[in-house]
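Hello,

Here is the structure I promised to pass on to you. Please open it next to this email and follow along as you read.

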Amino acid sequence: MSADRPVRGGVLFALAEGLAPDIPRCTWKGATLPCYRVARGVLAIVPLPADEPAGTFTLTFDRPAGRITRQITVADHDFGRELVFLDSAHYALVKRGADVARDARALRAVLGAESDTRYWSGSWGAPVKGARGDGYGAERFYYRAADSSRAIRLGPELKTTGSFGLDTVVASSRDVPSWRHAGVDLTASRGSSVVAPAAGLVADVGSYILTGNTVVIDHGQGVHSAYFHLDTALVRRGDRVAAGKRIGRVGATGLATGPHLHYGIYVHGKDIDPAAWAAMPAFARDQGDAGTSKSKQ
Ligand SMILES: [Zn+2]
């Protein structure tokens, strides 16, 4: 079994080489993890989201010939903490708790879907040409613009309580709303084209309080990409999109302080750093003629 060097916020591509008659059952941290056949064997893609701790955990592939067990050490990473100052109109969005909770449930349902078919193959492109993105995993604390003139200290008692767009706001101590930033922000001018980085099926087109005009693409086998704060969506739910297909225009809708694309990658419903995803090894890129078989669970 080969594996790259796992780190919090990244993703582990674990390959069990060789083709067994049956796809094994895979587990991670003792829970079933969907795994799929690829050209060289069976692939388990393990999300290592920023909101789960570093440490050493067990990954298993159970096959008729026996169990393969590996201890995987997930290294720690400091994602940093950021202050965000909002004008009153944007700050009011944060306070719409019931609406934010409804949106979070809807997005979680979309991003948690697991379809057996894999729609994508090959390397993933960038959703906005030439734009650099950062900020994955940062804890963001939201203040009113009027607070920007006073000294604010982020003490250890301030903790984030969920991921942006997928969790209800729960004020941390001192009544400061916060979320972990579950994607990267790509700076681009309003109206810039947003394209699908890989092929997939449009799973959601919606307008939400925090994420604004939103598109979610289901790439199959538990992999989704999400695009927040769009000015305009150019696809409809159910559309099949090829890699490079234009899906929207950059905007600043929802909780955005200026035009940018928020780009998120979710694996089995959990967010990871899109930069880690784009660095996937060759054995994960192509399914070959392995079909769409999934482990029997
Ligand atoms: Zn963002």
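Let's begin with one histidine: His262 is buried, with a relative accessible area of 1%. Buried here means under 20% relative accessible area, while exposed means over 50% and partly exposed lies in between, using a 1.4 Å probe and protein chains only.

Before going further, a word on the source: this is a predicted model, where local features need pLDDT of at least 70 and side-chain atom pairs count only at pLDDT 80 or more, while totals for chains, interfaces and linings use all residues. Residues are numbered from 1 along each chain as its sequence is written, and side-chain values use heavy atoms, with hydrogens and water left out.

**The zinc site**

What coordinates the zinc ion? The donors are His181 (NE2), Asp185 (OD) and His262 (ND1), at 2.0 to 2.1 Å. A donor is an N, O or S atom within 2.8 Å of the metal (3.2 Å for Na, K and Ca), and since water is not among the atoms, sites may look incomplete. Along the chain, the donors follow the spacing H-x3-D-x76-H. His181 sits in the loop between β11 (178–180) and β12 (184–187), whereas His262 belongs to strand β19 (residues 260–267), 81 residues away, so this pair links distant parts of the chain. Strands are DSSP runs of E with at least two residues, and helices are runs of H or I with at least four, numbered from the N terminus. His181 counts as buried too, at 2% relative accessibility.

**Strands to look at**

Strand β10 (residues 139–144) is largely enclosed by the rest of the structure, because five of its six residues are buried. It runs parallel to strand β8 (residues 81–86), joined by six bridges, and antiparallel to β11, joined by three. Two strands pair if DSSP finds at least two bridges between them. Arg140 is the bridge partner of Glu82 and also stands opposite Trp179 in β11.

Elsewhere, an open sheet of three strands has the order β1-β5-β4, with antiparallel pairing. β1 (11–17) and β4 (35–38) stand at the edges with a single partner strand each, so one side of each has no neighbour in the sheet. Seven bridges join β1 to strand β5 (residues 41–47), and Glu17 stands opposite Gly41 there.

Enjoy exploring it, and write back with any questions!

Best wishes
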